[in-house]
Amino acid sequence: MTGTAPVPFTADDYKARMERAARQAADAGLAGLLVAPGPDLVWLTGYAPPAVTERLTLLVLAAGREPVLVVPTLEAPDAEKATGAPALTLRDWTDGKDPYALTAALLDGRGRFGVSDNAWALHLLGLQQALPGTSYVSLTEALPMLRAVKDAAELERLAAAGAAADTAFEEIRNVRFSGRRESEVAADLAALLRRFGHAQVDFTIVASGPNGANPHHEAGDRRIERGDMVVLDFGGLKDGYGSDTSRTVHVGEPTEEERRVHDLVREAQEAGFRAVRPGAACQDVDRAARAVIAGAGYGEYFIHRTGHGIGVTTHEPPYMIEGEERPLVPGMCFSVEPGVYLPGRFGVRIEDIVTVTEDGGRRLNETEREMVIVD
């Protein structure tokens with residue numbers, strides 16, 4: 001079961017995104033944006049090169065100018081097939097030619113440019129050599145909110161990805177945990193995500209017993225035992241948009257303390273969710289969740305931010321963390337995922353993806369948040 005295919009993005013959608021990006025760059029005092037292969041290029045143009053190699057591929061955006069995509073000649077036919085291709089000009093270059101000279105002719109020789117975070121140093125250094133009067137800043141630093149506010153079509157895809165992850169959880173809670181290795185349960189989770197429509201699985205954390213105290217534990221050979229708390233954190237991309245959810249289950253009946261800590265994290269997660277509303281600062285979500293855990297005496301065991309943005313990648317701005325004063329805006333999507341991690345003993349994390357609405361927030365994950373008992 002994969003569900004109904006989403007409405008495809010159109011050339012006009014990509015044109016609007018490129019225009020918005022160029023306009024935001026100008027507003028930030030930049031001469032333009034230089035976008036290398038990766039999530040930003042896919043989001044702006046619909047183009048993902050067949051392979052990311054040492055050959056320069058670069059989208060050049062500047063306000064008032066037509067977008068230009070510099071591509072190797074051998075990959076130009078693929079670029080021409082991209083949905084956003086009609087909204088830009090292709091400039092191809094052949095092996096043996098200087099792609100930096102070609103690109104330099106498109107740029108203000110004394111300008112400051114935003115560069116996508118995953119651009120190769122090789123290419124940036126090549127541009128600097130061709131245009132020594134230019135300067136550069138990372139796209140995340142210059143325009144951190146470029147992809148943060150989702151439109152209705154993007155929200156639909158994120159909701160579908162979240163629903164697929166929820167279905168995977170409903171299935172995994174029925175498999176046997178005790179006596180099996182973490183890696184075996186993780187493989188089950190990955191297979192379920194794919195069955196329910198994910199083309200890419202980014203992570204399947206299965207952290208049992210004391211391993212649960214490591215928020216980014218990689219599922220290993222430890223055999224899950226009766227009496228273990230097990231943190232499940234999993235997600236990936238479905239139709240190009242991310243899922244990410246966490247639930248903590250228990251193998252057999254929990255102790256009073258385990259149940260108390262789980263209830264505490266559930267209460268903190270609810271508090272973080274209730275803090276979501278337009279105009280609130282990102283840090284307000286973190287503060288609301290953290291206050292609950294700190295108030296119960298477990299503050300030192302909540303060791304990470306409360307949330308991160310999600311979209312065409314599973315981690316992106318905005319971040320729900322102390323010091324982030326940027327206001328929440330309808331259409332933003334991010335996780336709310338407080339946790340408590342007791343070294344050598346167990347951990348608990350509960351996570352939903354939430355989108356900001358006109359009057360509050362809406363969860364994109366709806367599976368049970370009460371403690372789930374598994375075999």
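How many bridges pair β5 and strand β6, and in which sense do they run? The legends below take up this and other close-up views.

This is a predicted model, in which local features need pLDDT of at least 70 and side-chain atom pairs count only at pLDDT 80 or more, while totals for chains, interfaces and linings use all residues. Residues are numbered from 1 along each chain as its sequence is written, and side-chain values use heavy atoms, with hydrogens and water left out.

**View 1. Strand β5 between its pairing partners β1 and β6.** β5 and strand β6 (residues 135-138) pair in the parallel sense over four bridges, where two strands count as paired if DSSP finds at least two bridges between them. In this pairing R112 stands opposite S135 of β6. β5 (residues 112-115) is also joined to β1 by three bridges, and these two strands run parallel; here F113 in β5 is the bridge partner of G32. Strands (E, at least two residues) and helices (H or I, at least four) are DSSP runs numbered from the N terminus.

**View 2. The largest nonpolar core, with M18 among its members.** A nonpolar core is a set of buried Ala, Val, Leu, Ile, Met, Phe, Trp, Tyr and Cys residues joined through side-chain atoms within 4.5 Å; buried means under 20% relative accessible area, exposed over 50%, and partly exposed in between (1.4 Å probe, protein chains only). Of the 35 residues in this core, M18, L33, L44, Y47, L59, L61 and L69 touch the most other members. The elements that each supply at least two residues include α1 (11-27), β1 (32-35) and α7 (152-172), and α1 gives the most, with five residues. Leaving aside residues up to four places away in sequence, M18 touches L44, T45, L59, L61, P67, G84, A87 and L88, contact meaning heavy atoms within 4.5 Å.

**View 3. R17 and A16 in helix α1.** R17 counts as buried, at 5% relative accessibility, and its contacts, not counting residues up to four places away in sequence, are F9, W43, L44, D151, E154 and Y241. A16, by contrast, is partly exposed, with a relative accessible area of 41%. A16 and A87 are 71 residues apart in sequence, and their C-alpha atoms are 9.2 Å apart in space.

**View 4. Salt bridges, beginning with the pair D95 and R55.** A salt bridge is a side-chain nitrogen of Lys or Arg within 4 Å of a carboxyl oxygen of Asp or Glu, and a search of the whole structure finds 25 of them. The side chains of D95 and R55 meet at 2.9 Å, N to O. D95 lies in the loop between β4 (89-93) and α4 (99-104) and R55 in the loop between α2 and β2, so the pair ties together parts that are 40 residues apart in sequence. R55 is partly exposed, with a relative accessible area of 24%. In another salt bridge, the closest N and O atoms of E253 and R259 are 3.8 Å apart; E253 is exposed at 61% relative accessible area, whereas R259 is partly exposed at 35%.

**View 5. A nonpolar patch on the surface, formed by V52, W120 and L122.** Together these residues have about 280 Å² of accessible area, calculated by the Shrake-Rupley method with a 1.4 Å probe and, for residues, with only the protein chains shown as cover. Patches are made of residues with over 30% relative accessible area and no salt bridge, like charges being joined within 9 Å and nonpolar side chains (Val, Leu, Ile, Met, Phe, Trp, Tyr) within 5 Å. L122 is found in helix α5 (residues 121-130) and is partly exposed, with a relative accessible area of 45%.
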